[in-house]
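Here are my notes on this model, written to be read with the structure open beside you. They go from the whole chain down to single residues.

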Amino acid sequence: MTFSATTVLVLALVAAVVLSIGVWAYSTANRLDRLHVRSDQSWQALDSALARRAVVARSVAPALSDTEAARRLSTLAAQAERACRTDRETAENQLSGALSMVDIAELRPQLVAELADAEARVLIARRFHNDAVRDTLALRTRRPVRLLHIAGTAPLPTYFEITERVTPAAATGLEVDTVRTSARVVLLDENDRVLLMRGNDPVTPEVSFWFTIGGGVEPGESLRAAAVRELWEETGYEADPATLRGPIWRRVAVFPFNRELIRAEELFFVLRVPAFEPHAGNLTTIERRSITANKWCTSADITALDASGETVYPYHLDELLSAAVAAISTADDLEVTSIR
């Protein structure tokens, strides 16, 4: 049995079309899978942020002079924690309404900062989640994807709508003294230890904490330039901006420091270097007063510092360290994730 040249050509074209569709379907399925993972992870982050806000709300309640308002706030916080996914938006919006009625003048400054920080994290996490849902739905609703059932039986992700109050300090009504963008560096050595600085608020020198290298971005300065400048100022190490990986993490923090309340959006880069003994290159006056030590730390060291009562920022750095190590080892594009 023989085939004419025309038949062979037609078969080849059909095979090429089928192959092209197969390759497209495979790549689209993989992309959809990644988008679903992203939306699932963003929901977990939002769920965690909402849970933390509820915990802070319960801490705020006993400080209120109005006992009825305190009881209602505590009840709504508990309801928000127990609400199922379908009732969660209603419960969280009711809690938002109760928090908006809180007179922050009655609260201790640290509690005010914790509330502002908790609400800032909810705001950021919700936007990350809704962005992930939007991107997933945009691909899933395309006609070819629906016709070929590429998404399979995976449930459609859903938006989470919660009222955002456009007020200072991410909806607490708190007057923030400084708003800044910060570039930070997760500096790793050849043994996957991270260099941490020990410091304190000059107002409360008895309370120490640990943090990664970094600081505020100056006007007209890029994130990478700020990161290498801060690295040199705090450790004396001169780095090439091109060698930084990232940013890999994004953190929004609201905290009191030196009698000011600061809201910082922090972007974290990763850099591996041979271990060295840090010597400050050019600390500011306030940094000389507040930075007291440094240490190369393993995950176990970070856990021990937290257990001793000296908080390490960002939170859960012991668990995040493996992701920073992985970011150094891959040549793939890195996705910025939201952390605490």
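1. Surface first. The protein chain has an accessible surface of about 17,800 Å², and 55% of it belongs to carbon and sulfur atoms. Those areas come from the Shrake-Rupley method with a 1.4 Å probe, and for residues only the protein chains shown count as cover. Keep in mind that this is a predicted model: local features need pLDDT of at least 70, side-chain atom pairs count only at pLDDT 80 or more, and totals for chains, interfaces and linings use all residues. Residues are numbered from 1 along each chain as its sequence is written, and side-chain values use heavy atoms, leaving out hydrogens and water.

2. Overall layout. The protein chain holds ten helices and nine strands; these are DSSP runs numbered from the N terminus, with helices being H or I of at least four residues and strands E of at least two. Its C-alpha trace spans about 90 × 55 × 40 Å along the principal axes. Of the 340 residues, 42% are buried, where buried means under 20% relative accessible area, exposed over 50%, and partly exposed in between (1.4 Å probe, protein chains only).

3. Contacts along the chain. Take the contacts (heavy atoms within 4.5 Å) between residues at least 6 apart in sequence: 73% of them join residues at least 24 apart.

4. Helix α2. This helix (residues 67-82) has 16 residues and reaches 23 Å from its first C-alpha to its last, close to the 22 Å expected at 1.5 Å a residue. The expected span is 1.5 Å times one less than the number of residues. A70, L73, L76, A77, A78 and A80 are buried in α2, and their cover includes α1 (5-60) and α3 (85-100).

5. Helix α10. Which residues of α10 are buried? They are L317, L320, L321, A324, V325 and A327. These cover an arc of only 155° around the axis, so they sit on the same side of α10; the arc is that of the directions from the helix axis to the C-beta atoms. On the other side of α10, E319, S322 and S329 are exposed.

6. V194 and what surrounds it. V194 lies in strand β2 (residues 194-201) and counts as buried because its relative accessible area is 0%. Leaving aside neighbours within four places in sequence, its contacts include L317 and L321, two of the buried residues in α10. V194 also touches V186, L187 and L188, among others.

7. A buried arginine. R229 lies in helix α7 (residues 223-235), and it counts as buried because its relative accessibility is 16%. Beyond neighbours within four places in sequence, R229 is in contact with G216, V217, E218 and E221.

8. Backbone spots to check. A cis peptide bond joins G246 and P247, with omega about 10°, and P247 lies in strand β5 (residues 245-257). Another cis peptide bond joins Y313 and P314, with omega about 0°; P314 lies in the loop between β8 (312-313) and α10. H316 lies in the loop between β8 and α10 and has a positive phi of about 60° although it is not a glycine.
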